[in-house]
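Please look through the structure below with this briefing beside you.

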Amino acid sequence: MNWQIHLPALVLAVPLLGAFASPVAGLGGRATRNAWMIFISVLTTAVCIMLWQKVIAGGTAVYVMGAEAWNITLPSGLSWPVRIILEVDAFSAFMAVVGSIAALAGAFFSLRFMDRFTGLEKFSALYFLLVTGMLGMQLTGDLFNFFVFLEIASVASFGLIAFWRDRPEAVEASFKYMVISTISAMFILIAVGFFYGRYNAVNIAAVARMLQMGYAEKIALVFLVVSLAMKCGAVPMHMWTPDAYAEAPAGVTCLLVAVSQASLYGLFRVCFSLYGASLGSTVVPWTIIVMGVLSMFIGVTMAVIQKEIKRLMAYHSVSQIGYILMALGVGLLALRDPQAMADYGFTAMKGGIFHIINYTMYKGLLFLTAGAVFYSAGSRNLNELGGLARVMPQTTFMFVIAAAAIAGLPPFNGFVSKLLIYQSTFAVYPLLAVAALVTSVLTLASFVKVFQTAFLGPAKKTYENVTEVPASMLLGMSLLTIVIIALTLFPGWTLSHLVEPAAKALVDQAGYISAVMGGGL
Amino acid sequence: MLDKVYSGFGYWDVFIWLLFFAISAALVLFVRSMGRNDYKEGTDQDEIFYGSNPVPEDGADMGVPAASAYWGFVEALKPYYNALIDIHSGIASDYVGYFVLTVAIVAVLVLL
């Protein structure tokens, strides 16, 4: 039997094993714990890449848990699926690869970054639970399972954000996130309940095939869209983001960036694959576009005035999510009009999906560089920092690359995805492109401020003993830097091999439904 | 070519940009090489000009702090920033309020 058929399950099983075996690995001491963390992270990334290759080569993969055979989605002659089904199309596989790379970089970085603290076996257990939750959200074909994985990721996030429990700010940030996250999760659960009540099914493909737009479906749509938009940090529900991102350990923040993308994945899976053409009016696409524009502008203007490096970067996360929401909102707007889809909708979707990988890589790297500054200089306050480029040249170099990429400076990867977004959104409504351009300028301005205040300037006596961070932390940052440079140098390859298949999978609602409802064989 | 991106409105080729960068860098280096080469390290030529004042020994006394960056921009947009900072109260019940309010507004828009 070909073992590769089990790849969807392995993607979840490997980090889950990593999580539960972490306390055992911790008994072997620091070296064993570190080796276990890296082994599981590398294996998870490898399995995700293999799954992506399998999906690109063979089309959507389905995996049925507990059936007589892994691929029988409609067992015993039933007309709808009853078991837990993982459904992995090119969009899911793409997201899994992006998330696993961020998790790997965060794991490398955390080895030494967290070394000064106790309870590290709990840290690695929570870290891998968060990875499992994130990947589960991206691979499941089932709405209730999506909720379960979302909760696994949320609970692990609460623990990791509050990991430095001697810091009241960390506990407060975690508490706030827990309150808002739990309430939004309840809204998601109610929405899933609506579907179960109406259609006696929670499988996305099964519900999508039967879906008829009524009041229950509209309310469920609102609950899902707004809750998932909150989870990815869209304005006006973004307030938890700067607190949580700033207080979590840097390696965790890198992973949280990828986890927010899993919520974004859920949002667009719901809009494109669950509702698709049934969305009817343009209210939801425009709601997403407006949330995107507000997120871009409010996020970046709040970032400009921040004096704490990680809070500044967290507000930029809000702003970057805005680009993706706006681009995929434009794609959603064009969904029912083939001409509009061909003219600008598909370009917007490609730009949005390309921005997902770009954003995860450069934002993850920026948070890691902020962590490196905190590790070496002991401060995150931009009013205090200065002259660090002299003593932390490698970190500075990687910060400059990430900052240039997020600001959309040519020739970096951020420029390419933003170019696609500018041009396609201009075709819908020129002011959208203007808002995106202004946001980009302000992004550059605030990162120039970080560069000037933290890295440039004369050497400060306070930091005369500061040295570059250890090799494993540099390795975590280098991994993301290499990916950014590769995306910069080969945008054409990235678009044709990674982004376009993902975008095509996302708009192909019929293909998503038939992979399960066709019986899976 | 693999590295060329067509947007439907134009195209982007990273290697053309890198070529442009390389040519620009060569020009800059050429202009630099035309400059004077009688600069002497360790003499008065080497001293920092600090408004005719003595240069502080600690760099902390010299730089512009982050709080002062973009002062004019922030001052010009003060009403906007005041409103924005008020919204970011840091109170958990406010976070929930904004979430519920957004659900209500989007629900009204979708249901109408």
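How many Å separate the centres of domain 1 of chain A and domain 2 of chain A, taken over C-alpha atoms? The two centres are 23 Å apart, where domain 1 covers residues 1-277 and domain 2 covers residues 281-489 of chain A, with bounds that come from an automatic or database domain assignment. This is a predicted model, in which local features need pLDDT of at least 70 and side-chain atom pairs count only at pLDDT 80 or more, while totals for chains, interfaces and linings use all residues; pLDDT is the predictor's confidence in each residue, from 0 to 100. Residues are numbered from 1 along each chain as its sequence is written, chains are lettered from A and ligands numbered from 1 in the order in which they are written, and side-chain values use heavy atoms, with hydrogens and water left out.

**Between the two domains of chain A**

- Counting a contact as heavy atoms within 4.5 Å, 48 residues of domain 1 of chain A touch 47 residues of domain 2 of chain A.
- The two domains bury about 4000 Å² between them, and carbon and sulfur atoms give 80% of this area; buried area is the accessible area (1.4 Å probe) that two parts lose on being put together, summed over both.
- Of the area that domain 1 of chain A buries against domain 2 of chain A, 16% is supplied by A:F109, A:V235 and A:F272, more than by any other three residues.
- Two salt bridges are found across this interface, a salt bridge being a side-chain nitrogen of Lys or Arg within 4 Å of a carboxyl oxygen of Asp or Glu.
- A:R311 and A:D243 form a salt bridge through their side chains, at 3.1 Å from N to O.
- By class, the side of domain 1 of chain A that touches domain 2 of chain A has 35 nonpolar, eight polar and five charged residues, where Ala, Val, Leu, Ile, Met, Phe, Trp, Tyr, Cys and Pro count as nonpolar, Asp, Glu, Lys and Arg as charged, and the others, Gly among them, as polar.

**Between chain A and chain B**

- In this interface 64 residues of chain A are in contact with 45 residues of chain B, and the area buried between the two chains is about 4700 Å², of which carbon and sulfur atoms give 78%.
- There is one salt bridge between chain A and chain B, and B:E57 forms a salt bridge with A:K461, with the closest N and O atoms 3.8 Å apart.
- The side of chain A that touches chain B is made up of 39 nonpolar, 15 polar and ten charged residues.

**Local features of chain A**

- A:R30 and A:D115 form a salt bridge whose closest N and O atoms are 2.8 Å apart.
- A:R30 lies in helix α2 (residues 30-58) and A:D115 in the loop between α3 and α4 (120-139) of chain A, so this pair ties together parts that are 85 residues apart in sequence; helices (H or I, at least four residues) and strands (E, at least two) are DSSP runs, numbered from the N terminus.
- The peptide bond from A:V235 to A:P236 is cis, with omega near 10 degrees, and A:P236 is placed in the loop between α8 and α9 of chain A.

**Confidence in chain B**

- The mean pLDDT of chain B is 89, and 98% of the residues score at least 70.
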